[in-house]
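Please open the model in your viewer and keep the sequence beside it, ready for selecting residues by number. The tour below goes from one selection to the next.

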Amino acid sequence: PMIGIPGVPDDLTLSANHNQNNLTRLINVSLPDAGFSVSTLYPFQGKNSVGTAKWYEKLGVAYNGTLRDQFSFYDTAFKLKELIDTLQWGAMHSFPVTLALPPILGGAVIVSPGLSYSQVWIAQKFRRKWNTATQKSDTVITKGIFTDHQLAFALSFNTALFGTYAFKNSRLIAIRHVIRPSLSLNYKPDLSKKHYYTDTVSSGFAYRFSEFAGALYPGFSEGKTGGIGFSIDNNLEMKWRSRKDTGESAIRKIKLIDGYGFSSGYNFLR
């Protein structure tokens, strides 16, 4: 349903989910599951703009958010305290920012910068600690309100190359080949490193853990990214003249190969 914020194209969804295991008698309930989104807004676009839009008027900002609560209990031994102990909640927010720049090189290349910011709200931390006495790893859960963040920048260049081969005196009119190369630059700083730690999981063996592992919305991965990516996509189609029809209705477009190519990339900061 639309919430109805004046002048804002928003959308809200609410749902609940229940599942149970008849063998263990365990019941899991998610209530509520909420999703709220705002379509792309252009804050610098004038209401009565005329003529060609300025580049900054094409700056768009959107929002997507989700919220979830979950609790569990056994139907044979329902206790309010245990229900509260198993209660988990979490939320995720993302703010994608887009900007449509004018094409370059005579309109042949589309330049698309992008910026995205994401944040998660987490209800508890999981900390493992190796116990030398028992030779086991103990888990300590700390409840509270914790956050993790992620920021990413991108700049992509896209174009399309067309090639057509025409046939004479044939029902096969032409074959067209479209090549769509793309090049992108990306950067993501490491905002989650502080939420990772190294601990022993067995005698003589250590592992890297996230303190948000197991949460409804776990934190983001650690490590920074600064790299380049590229891809090439291809389409091949033909025009065919049918014997049954005449005129324009006799011409059929047939896709021979729709979407074949490859992509790769490299992270210079790895």
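How many salt bridges does the structure hold? There are 6 salt bridges in the structure, a salt bridge being a side-chain nitrogen of Lys or Arg within 4 Å of a carboxyl oxygen of Asp or Glu. This is a predicted model, in which local features need pLDDT of at least 70 and side-chain atom pairs count only at pLDDT 80 or more, while totals for chains, interfaces and linings use all residues. Residues are numbered from 1 along each chain as its sequence is written, and side-chain values use heavy atoms, with hydrogens and water left out.

Begin by selecting E211 and K125, which form a salt bridge with their closest N and O atoms 3.6 Å apart. The pair links distant parts of the chain, 86 residues apart, with E211 in the loop between β10 (205-210) and β11 (225-241) and K125 in strand β5; strands are DSSP runs (E, at least two residues), numbered from the N terminus, as are helices (H or I, at least four). E211 counts as buried because its relative accessibility is 2%, whereas K125, at 23%, is partly exposed; buried means under 20% relative accessible area, exposed over 50%, and partly exposed in between (1.4 Å probe, protein chains only).

Next, select E237 and R176, another salt bridge, whose closest N and O atoms are 3.2 Å apart. Here E237 lies in strand β11 and R176 in strand β8 (residues 172-188), 61 residues apart. E237 counts as buried at 17% relative accessibility, and R176 counts as partly exposed at 32%.
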